[in-house]
Amino acid sequence: DQEKSVLFFEKAFEAARTSGDPQGVFMSWSGAVEALIHRFDNMKPLDRWIAVFDGLMKDYGTFPSKEVEVRSTLFMFLALSFRAPAHPDMGLWAEKTLSLLNNIPDPDAYAQAGLCLVDYFVWTGDLEKANVIVERLTNMAERQDHSPFARITIKLSEALNYLYRGRLEECVGTVSEGLRISETKGMNIFDYFL
C-alpha cells in the first residue's frame with residue numbers, strides 16, 4: 001500500500017528531523033520518494049520532496065554514511081527522472097548515481113537505477129554510456145538470486161537500448177521475454193512500458 005507507506009515515511013521523517021537523526025531523515029526521505037515512484041499515479045508530490053532534499057543538503061552538507069549516500073543519491077536521481085528531468089542538477093545526480101552504481105547492494109534498486117540511467121543517457125544522446133550500463137545489467141541478470149522485478153527491469157533496459165540502436169528484432173524479442181517473465185511471475189508493474 002504505497003499511499004500508506006508515504007504517510008508512514010512522512011511521520012518517520014518528521015520524527016527523525018525533530019530528534020536530530022540525520023540517518024533517519026535521509027532514509028525516511030528516500031522511503032517516501034520510493035513509495036511515490038512505485039505508486040506511479042501522481043508524481044506531483046515529488047516536487048515537495050525534491051525541494052526538501054535540497055534543504056537537507058544545505059542543512060547537513062554531507063551524508064551520515066555510505067549506505068545513506070547511495071540510497072539518497074539513487075532516489076534523488078529517480079525523483080528528478082520521474083518528475084523534473086529539466087532540473088539544473090539532473091546531470092550531476094545522473095553522474096553521481098552512475099559513480100555509485102556498483103555500491104548498490106539490492107538487485108532491485110540496482111536494476112531500477114540502471115534503467116533510469118539508460119533512459120537518461122539515451123535521451124541525452126550518450127548511447128555509449130547507455131550501452132555500458134545495459135552490459136552491466138545483463139551480466140547481473142545471469143545470476144539466479146534476484147527478483148522478478150530486477151529481471152523485468154533489466155529486460156526493459158535492454159529493450160530501450162536495442163530500440164535506440166535500431167535493433168528492432170532484438171528489441172521485440174527482449175520485450176516478449178520481459179512480458180513472459182511478468183506473466184509467469186505476476187509482476188506486471190512495467191507491462192505498460194514493455
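Visitor: What does the accessible surface of the protein come to, and what share of it belongs to carbon and sulfur atoms?
Guide: This is a predicted model, in which local features need pLDDT of at least 70 and side-chain atom pairs count only at pLDDT 80 or more, while totals for chains, interfaces and linings use all residues. Residues are numbered from 1 along each chain as its sequence is written, and side-chain values use heavy atoms, leaving out hydrogens and water. By the Shrake-Rupley method with a 1.4 Å probe, where for residues only the protein chains shown count as cover, the accessible surface of the protein is about 9800 Å², and the carbon and sulfur share is 53%.

Visitor: How many helices and strands are there in the protein?
Guide: Both kinds of element are DSSP runs numbered from the N terminus, helices being H or I of at least four residues and strands E of at least two. From the N terminus on, the elements run α-α-α-α-α-α-α-α-α. The protein accordingly has nine helices and zero strands.

Visitor: What is the radius of gyration of the protein?
Guide: The C-alpha trace spans about 55 × 35 × 30 Å along its principal axes. The radius of gyration is taken over C-alpha atoms, and the globule rule is 2.2 Å times the number of residues to the power 0.38. For 194 residues this rule gives 16 Å, and the protein is close to that, so it is as compact as a globular protein of that length, with a radius of gyration of 17 Å.

Visitor: Is Gln-112 buried or exposed?
Guide: Gln-112 lies in helix H6. Beyond its neighbours within four places in sequence, Gln-112 is in contact (heavy atoms within 4.5 Å) with Ile-37, His-38, Phe-75, Leu-78, Phe-149 and Thr-153. Buried means under 20% relative accessible area, exposed over 50% and partly exposed in between, with a 1.4 Å probe and protein chains only. Because its relative accessibility is 4%, Gln-112 counts as buried.

Visitor: How many salt bridges does the count come to?
Guide: A salt bridge is a side-chain nitrogen of Lys or Arg within 4 Å of a carboxyl oxygen of Asp or Glu. Among them is the pair Glu-10 and Arg-48, at 3.7 Å from N to O. This pair links distant parts of the chain, helix H1 and helix H3, 38 residues apart. The count comes to 10.

Visitor: How far apart in sequence are the parts that Glu-95 and Lys-129 tie together?
Guide: The closest N and O atoms of the salt bridge between Glu-95 and Lys-129 are 2.8 Å apart. Because Glu-95 lies in helix H5 and Lys-129 in helix H7, the parts tied together are separated in sequence by 34 residues.

Visitor: In which helix do Lys-155 and Glu-158 both lie?
Guide: Lys-155 and Glu-158 form a salt bridge with 3.3 Å between the closest N and O atoms. Lys-155 is buried at 17% relative accessible area, and Glu-158 is buried at 8%. The two are three residues apart, about one turn of the helix, and both lie in helix H8.
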